[in-house]
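Please examine the sequence and the structure below before reading on. The paragraphs that follow lead through the fold step by step.

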Amino acid sequence: MPIRPENRARYPRTWRAMVAQAANRSGGRCECDGKCGTVHEEGRCDAINGLAHPRTGSIVVLTLAHEHGVPLEEETIERMFHACQQCHNRYDAPMRAAGVKARKEAERRRIMDKAGQISFELQCFGARPGRLAPQR
Ligand SMILES: [Zn+2]
Ligand SMILES: [Zn+2]
């Protein structure tokens, strides 16, 4: 998943070195062992960095994926795996959906709070909130 701009500062300074370490460990082959939900025939994804992806056909670019629960600040690659786009996306999809949901919920709450504040102010000034409050 591309690094979200607001999360950039949370990555360790050694991130690039960690990526190099991961590349060393993976040997340029996706390290996914099925975590992503796909059954990989040989027990490991056969996508090779820089070559056409065996399933999608697009050029593979391996990236470092955090296992679930590993904070972005983590400085070792023990609980990370070098992943092709397909495995990385599939692995992150449920988390990403949860993140989108959480951000939407926060936005909804912000709007509702604001609406509540407006309705309160209108009551204080004697207006009828039913007429002026934002439509739900
Ligand atoms: Zn893969
Ligand atoms: Zn996979």
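Thr 63 has Ala 83, in strand 2, as its bridge partner. Helices (H or I, at least four residues) and strands (E, at least two) are DSSP runs, numbered from the N terminus. Strand 1 (residues 63-66) and strand 2 are antiparallel and are joined by four bridges; two strands pair if DSSP finds at least two bridges between them.

This is a predicted model, in which local features need pLDDT of at least 70 and side-chain atom pairs count only at pLDDT 80 or more, while totals for chains, interfaces and linings use all residues. Residues are numbered from 1 along each chain as its sequence is written, and chains are lettered from A and ligands numbered from 1 in the order in which they are written. The mean pLDDT (the predictor's confidence in each residue, from 0 to 100) of the protein is 89. Where pLDDT is low, the predicted coordinates should not be read in detail.

Which way do the residues of strand 2 point? Met 80 and His 82 point one way, Phe 81 and Ala 83 the other, and all are buried. A residue is buried if 20 or more other C-beta atoms lie within 10 Å of its own, exposed if 12 or fewer, and partly exposed in between, with C-beta atoms placed from the backbone.

A nonpolar core is a set of buried Ala, Val, Leu, Ile, Met, Phe, Trp, Tyr and Cys residues joined through C-beta atoms within 7 Å. The largest one has 16 residues, and among those touching the most other members are Cys 45, Ala 65 and Ala 83. Strand 1, strand 2 and helix 2 (85-124) each supply at least two residues of this core, and strand 2 gives the most, with three. Leaving aside its neighbours within four places in sequence, Cys 45 is in contact (C-beta atoms, placed from the backbone, within 7 Å) with Cys 30, Cys 32, His 40, Cys 84 and Cys 87.

Thr 76 lies in the loop between strand 1 and strand 2. Why is Thr 76 exposed? Thr 76 counts as exposed because it has 11 C-beta neighbours inside 10 Å.

As a whole, the protein has three helices and two strands. Its radius of gyration (taken over C-alpha atoms) is 22 Å, well over the 14 Å that the globule rule (2.2 Å times the number of residues to the power 0.38) gives for 136 residues, so the protein is more spread out than a compact globule.

Technical notes
Contact = placed C-beta atoms within 7 Å.
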